[in-house]
Amino acid sequence: MNENISASIAGAAFVGGQAVKLGRRKPSALASSERTSEGNRPSVFKSQYSTGELLGEGGYGSVRAGVRKADGKQVAIKYVRKSPDDDFITIPGETHSLPREVALMEMVSKPSRCENVLELYEWFDMSDSYILVLERPSPCKDLRQFLNGHNCRLSEPLAKQILRQLVQAARHCNDHGVLHRDIKAENILINTETLELKLIDFGCGCLLQDTPYKCYAGTWAYCPPEWLCEGLYLGVPATIWSLGVVLFDMVCGHLPFGCEDDIIDRNMRIAPGLSQREKERTKY
Ligand SMILES: Nc1ncnc2c1ncn2[C@@H]1O[C@H](COP(=O)(O)OP(=O)(O)O)[C@@H](O)[C@H]1O
Ligand SMILES: [Mg+2]
């Protein structure tokens with residue numbers, strides 16, 4: 001894969017394997033009366049949580065292990081750097097707007113919850129970042145680390161078990177009006193004891209609409225061909241495409257497409273040794 005590939009098509013941006021989040025500037029900053037709860041005052045964060053080891057780093061900040069002092073609950077603490085391009089979303093039915101990732105996580109956390117979607121406990125609005133206090137499955141790895149620990153390739157039954165949970169998570173998001181848009185191995189956590197899956201990182205997501213999208217945010221290797229060919233895509237088919245890419249990655253040991261032209265031409269390298277059934281699944 002060309003790690004430094006960078007392309008921009010009708011407002012889309014891809015940089016290497018990193019997700020690119022498109023921003024829309026909110027006309028004015030959030031007024032303090034618009035904040036969601038008492039709990040998200042900056043000074044409260046330090047008094048309520050202690051932070052520990054680095055769990056991961058993505059394109060937009062870092063995630064650390066944390067503990068809620070009041071009851072010793074293990075949490076993950078995600079720091080998202082503020083940027084002038086930050087995007088705000090008003091949850092349907094509400095009046096105040098929230099940072100994109102917070103808003104989408106609140107939407108998917110509404111009843112009925114899905115055990116395969118990571119929970120947001122609360123969030124804090126700091127001077128230069130947002131802090132998201134998140135569920136922390138333990139022991140867990142992201143699917144990329146999990147694959148690396150399995151020689152990059154999973155058995156078909158194990159891949160099926162993971163895919164089934166991923167479909168549940170994606171369907172839950174769509175049912176709650178959320179398009180995740182960046183479903184990939186790095187954004188999936190696996191509890192290494194129970195094999196329970198959690199979908200994480202809603203930073204590239206948006207509200208689900210049933211008309212075609214004209215801009216894209218996410219990771220190019222998972223992007224559907226209709227976006228590259230026509231500059232348009234629908235939310236649910238694009239989600240299903242990305243699930244296919246994850247399935248391919250799990251059973252073949254590598255991503256299907258090396259460059260954008262390969263996506264357009266459906267030019268995939270299928271690893272030897274796959275069952276006929278799995279070959280058919282990964283092709284369509
Ligand atoms: N709740 C969590 N528990 C454990 N590890 C996590 C958690 N959230 C994120 N991580 C780790 O941190 C990495 C980056 O987190 P992510 O939310 O995807 O950030 P980014 O938006 O920067 O991509 C993940 O790939 C994963 O390895
Ligand atoms: Mg991520």
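Ala-65 stands opposite Ala-76 of β5 in this predicted model, where local features need pLDDT of at least 70, side-chain atom pairs count only at pLDDT 80 or more, and totals for chains, interfaces and linings use all residues. Residues are numbered from 1 along each chain as its sequence is written, while chains are lettered from A and ligands numbered from 1 in the order in which they are written. Strands (E, at least two residues) and helices (H or I, at least four) are DSSP runs numbered from the N terminus. Gly-66 has Val-75 in β5 as its bridge partner.

The pairing of β4 and β5 is antiparallel and extends over eight bridges; two strands count as paired if DSSP finds at least two bridges between them. These two strands form a hairpin with four residues between them, and Gly-72 in the turn has a positive phi of about 75°. β5 also pairs with β9 in the antiparallel sense, over seven bridges. Arg-81 stands opposite Ser-129 in β9.

These pairings belong to an open sheet of five strands, in the order β3-β4-β5-β9-β8, with antiparallel pairing. β3 and β8 (120-125) are the edge strands, each pairing on one side only. From one strand to the next, the twist averages 25°. Helix α2 (residues 100-109) packs on the sheet and touches β5, β8 and β9; the direction of the helix makes about 155° with that of β8. Contact here requires C-beta atoms, placed from the backbone, within 7 Å. Axes are lines fitted to C-alpha atoms, for helices over the stretch in contact, with angles from 0 to 180 degrees between N-to-C directions.

Ligand 1 is surrounded by 21 residues, the closest being Gly-56, Gly-58, Ala-76, Asp-142 and Asp-201. A residue is near the ligand if its C-beta atom, placed from the backbone, lies within 6 Å of it. At least two residues of the shell come from each of β3 (49-58), β4 (61-68), β5 (73-81), β9 (129-135) and β10 (140-142). β3 supplies the largest share, three residues. The shell has nine nonpolar residues (Ala, Val, Leu, Ile, Met, Phe, Trp, Tyr, Cys and Pro count as such), six charged (Asp, Glu, Lys and Arg) and six polar (the others, Gly among them).

The UniProt annotation "active site", from an unreviewed entry, covers Asp-182; such annotations may be inferred rather than shown by experiment, and positions follow the numbering used here, with feature names shortened. Asp-182 lies in the loop between β11 (178-179) and β12 (188-191). Asp-182 is classed as buried because 23 other C-beta atoms lie within 10 Å; the class requires 20 or more such atoms, placed from the backbone, whereas 12 or fewer means exposed and values in between partly exposed.

Definitions and conventions:
Contact = placed C-beta atoms within 7 Å.
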